[in-house]
Amino acid sequence: MKVLTFARFLRERFGFPVKKLPVHLFLGCPHRENRIGKGGCYYCSNSSFSQLTDYYGLSVENQIKKGIDTYRRKGFEGGFIAYFQTYTNTYCDTEEIRKAVEQALGFEDVVGISVSTRPDCLPDDMLDFFDGIGSKRMFWLEIGLQSAHNKTLELINRGHNFACFEDALLRAGRRENLFLCTHLILGLPGEDRGDMAESIRIVKKLGSHGIKLHHLQIIRGTEFEKWYRKGQISVLDWQEYLELLLYLAPIIGEDLIVHRWVAEAQGELLIAPKWDITKQEFLKYFYERLKSI
Ligand code: SF4
């Protein structure tokens with residue numbers, strides 16, 4: 001069977017390859033700061049962000065310049081989507097994100113923008129601004145949900161419920177020029193295949209254009225690390241995750257643009273699962289098996 005990957009979608013849209021270029025605003029996350037939640041999601045680690053020291057103090061302009069230069073040196077000739085990736089990128093007023101986005105759009109090679117955030121940080125005036133940008137260049141709004149089930153959202157301490165996400169997605173969806181992507185984690189505690197399939201069906205029905213999937217990883221310093229060490233939480237080995245994705249792929253079909261299939265955290269910060277194959281090898285097996293569905 002066929003699926004629509006983000007890379008293919010971009011190539012078909014633009015006629016040339018496009019890569020995402022991470023940009024860090026370091027705005028923090030309201031949920032981690034106890035303003036609206038209780039100290040952050042249980043799978044989230046501050047230390048994963050502390051690896052970004054190279055970017056501290058760099059303006060958006062300089063981060064993008066640096067990123068483009070690196071790709072060009074490697075011979076990449078395509079375009080870029082400036083990807084506001086870290087923490088909650090709308091945890092600011094609209095003026096602040098406006099300045100950041102406009103700096104990014106100052107680069108001819110930046111053919112689009114992607115902003116990642118929480119559903120409880122999306123005021124209407126900001127959505128209107130994003131929509132205006134989307135009328136000129138491709139604009140993706142990536143909203144973290146992780147699961148469409150309230151029992152899971154409570155268990156992982158997301159700090160918002162499903163209704164909050166639904167409201168944000170529908171408000172964003174009423175704007176004509178926004179592409180919407182929903183982040184989901186597969187393998188969260190207490191969820192079976194049916195629950196995960198249901199989450200995908202729900203976000204598809206609500207009008208999300210894309211999904212970004214990854215398997216649950218236990219990262220050093222998180223609440224989930226404690227649970228894992230006490231044997232209260234389990235993770236998927238790569239064979240189990242492969243079978244899970246093959247089960248979910250027909251539900252995803254070609255209607256949802258898949259931004260990511262599998263997580264990438266590695267090295268010192270990753271407690272589990274430690275797979276004995278690379279992400280590229282995993283994807284090769286996965287695409288091979290997809291052909292037979
Ligand atoms: S996963 Fe995102 S929303 Fe949750 S605590 Fe971390 S930065 Fe905040």
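Guide: The model is predicted. Around the ligand are C29, R32, G40, C41, Y43, C44, Y87, R118 and R158.

Visitor: Why are α8 and α10 called roughly parallel?

Guide: The axes of α8 (residues 193-206) and α10 (residues 238-252) cross at roughly 30 degrees and come within 10 Å. Angles under 35 degrees count as roughly parallel, so α8 is roughly parallel to α10. The crossing of α8 past α10 is right-handed. From α8, R193, G194, M196, A197, I200, R201 and K204 make the contact, and from α10, E243, L244, Y247, L248, I251 and I252. That contact has 8 nonpolar, 1 polar and 4 charged residues.

Visitor: Which strands are the edge strands of the sheet, and what makes them so?

Guide: The open sheet has 8 strands, in the order β1-β9-β7-β6-β5-β4-β3-β2, with parallel pairing. β1 (4-5) and β2 (18-23) each pair on one side only, and they are the edge strands.

Visitor: How do you know that β4 and β5 pair?

Guide: Two strands pair if there are at least two bridges between them. β4 (residues 110-117) and β5 (residues 138-146) run parallel and are joined by 6 bridges, so by that cut-off they pair. S116 has E142 in β5 as its bridge partner.

Visitor: Which strands does helix α7 lie across?

Guide: Helix α7 (residues 162-173) lies across β5 and β6 (179-186), at about 170 degrees to β5.

Key: Residues are numbered from 1 along each chain as its sequence is written. This is a predicted model: local features need pLDDT of at least 70, side-chain atom pairs count only at pLDDT 80 or more; totals for chains, interfaces and linings use all residues. Side-chain values use heavy atoms; hydrogens and water are left out. A residue is near a molecule or strand if one of its heavy atoms lies within 4 Å of it. Helices (H or I, at least four residues) and strands (E, at least two) are DSSP runs, numbered from the N terminus. Contact means heavy atoms within 4.5 Å. Axes are lines fitted to C-alpha atoms, for helices over the stretch in contact, and angles run from 0 to 180 degrees between N-to-C directions. Angles under 35 degrees count as roughly parallel, over 145 as roughly antiparallel, 65 to 115 as roughly perpendicular and the rest as oblique. A crossing is left-handed if the near helix is turned anticlockwise from the far one by less than a right angle, and right-handed if clockwise. Ala, Val, Leu, Ile, Met, Phe, Trp, Tyr, Cys and Pro count as nonpolar, Asp, Glu, Lys and Arg as charged, and the others, Gly among them, as polar.
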